[in-house]
Amino acid sequence: MHTPDATALLQVWERGLHASPAARGLLLLGCAWPGLAAGTLACAPIGQRDAWLLSLREALFGNRLQCLGKCPACGERVELAFDTDDVRAPHASAGDECEPWPGLRLRVPDSQDLLALEGLAYGADAELHLLQRCQVASVDDVALVMEKPQRVAASQALAQADAQAEVLLDLQCPACGAAFQQRFDIVLHLWVELDHWAQRMLARVHVLASRYGWSEADILRLSPMRRQAYLELIGAPV
Ligand SMILES: [Zn+2]
């Protein structure tokens, strides 16, 4: 993995401002694994993608994570702090399949599948669409149609085959004691952090450029320590 510098991170942030979550995930991977082709990244299972993004998050912002949840029973906000290792799970490799029952083979979903789901019309049956996309074709295949129990079984089989793709956090409400689970989405989490980082960085560039007349590129090339030192010298918040 290559840890992107401030210039590369700001480029990713700008390109992803109006992008979908799946596209943002690929933008983040692209800046940290520049040696891998875009097609390889797009075809990586979601669990593999999320394992990579956890590593990128560690390199950029450290191992400690904080999440906010909302108690479904009383509406209280619930905070949870944990380490990246706490949300690591086995992940699938490209080409991995599962067999929910004899005769049905499904490959694990990847970013291309998520991009396709994001393009569906409002109200479309995304779950069935995903299962149909992931059905491994054979000569006698017909379009996959499933009743609810079959869908649940198929989705569970996919989740087991790529556990990192769906991480559930166990939370307990401090107000009413209710226990509940909440999905942890590393793309969403990392993008929010990147957005906050970018806003702070642009503010620092503005302060230093206004004071010293340096270009944005010059300021971004400074090490974080030297940027901070100059901001302290002029009495600006760091
Ligand atoms: Zn509660």
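Biologist: How many cavities of 30 Å³ or more does the structure hold?

Modeller: Just before I answer, please keep in mind that this is a predicted model. The structure holds one cavity of 30 Å³ or more.

Biologist: Which residues line the largest cavity?

Modeller: The lining consists of Asp50, Leu54, Val87, Gln164, Val167, Phe184 and Ile186. By class, five are nonpolar, one is polar and one is charged.

Biologist: And the pockets? What is the volume of the largest pocket, and which residues lie nearest its centre?

Modeller: The largest pocket has a volume of about 540 Å³. It is lined by 21 residues, with Pro109, Leu130, Ala165, Glu166 and Arg183 nearest its centre. In that lining, 13 residues are nonpolar, two are polar and six are charged. Helix 2 (21-32), helix 4 (46-61), helix 5 (111-118), helix 6 (126-134) and helix 7 (148-161) each give at least two residues to the lining.

Biologist: Which helices each supply at least two residues to the lining of the second largest pocket?

Modeller: Those are helix 1 (6-16), helix 4, helix 8 (186-212), helix 9 (216-221) and helix 10 (224-233). The second largest pocket holds about 340 Å³ of space. Among its 20 lining residues, Trp197, Met201, Arg204, Pro224 and Arg227 lie nearest the centre.

Biologist: Let us turn to helix 6. How do you know on which side its buried residues lie?

Modeller: The buried residues of helix 6 are Leu128, Leu130, Leu131 and Cys134. They cover an arc of only 160 degrees around the axis, and therefore they sit on the same side of helix 6. These buried residues pack against strand 4 (104-107), helix 5 and helix 7.

Biologist: Arginine 151 lies in helix 7. Why is arginine 151 called buried?

Modeller: Buried means under 20% relative accessible area. Arginine 151 has 14% relative accessibility, so it counts as buried. Leaving aside its neighbours within four places in sequence, arginine 151 is in contact with Asp125, Glu127, Leu128, Leu131 and Met146.

Biologist: Now for charged pairs. What makes glutamate 193 and arginine 57 a salt bridge?

Modeller: The rule asks for a side-chain nitrogen of Lys or Arg within 4 Å of a carboxyl oxygen of Asp or Glu. In this pair the closest N and O atoms are 2.5 Å apart, so by that rule the two form a salt bridge. Glutamate 193 lies in helix 8 and arginine 57 in helix 4, so the pair ties together parts that are 136 residues apart in sequence. Glutamate 193 counts as buried at 18% relative accessibility, and arginine 57 counts as buried at 4%.

Biologist: Arginine 88 and aspartate 85 also meet in a salt bridge. Is aspartate 85 buried or exposed, and why?

Modeller: Exposed means over 50% relative accessible area. Aspartate 85 has 55%, so it is exposed. Arginine 88, at 32% relative accessibility, counts as partly exposed. The N to O distance in this pair is 3.8 Å, so it meets the 4 Å limit.

Biologist: How many salt bridges does the structure hold?

Modeller: The structure holds 13 salt bridges.

Methods:
Residues numbered from 1 in each chain as written. Predicted model: local features only at pLDDT ≥ 70, side-chain atom pairs only at ≥ 80, totals over all residues. Heavy atoms only, no water. 1 Å grid on protein atoms, 1.4 Å probe; cavity = no way out; pocket = protein on both sides within 12 Å on 5 of 7 lines; lining within 4 Å. Points joined across faces, edges and corners; volume = space filled by probe spheres on them. Helix = DSSP H or I, 4+ residues; strand = E, 2+ residues; numbered from the N terminus. Nonpolar A, V, L, I, M, F, W, Y, C, P; charged D, E, K, R; others polar. Buried < 20%, exposed > 50% of the residue type's maximum accessible area, 1.4 Å probe, protein only. Arc of directions from axis to C-beta. Contact = heavy atoms within 4.5 Å.
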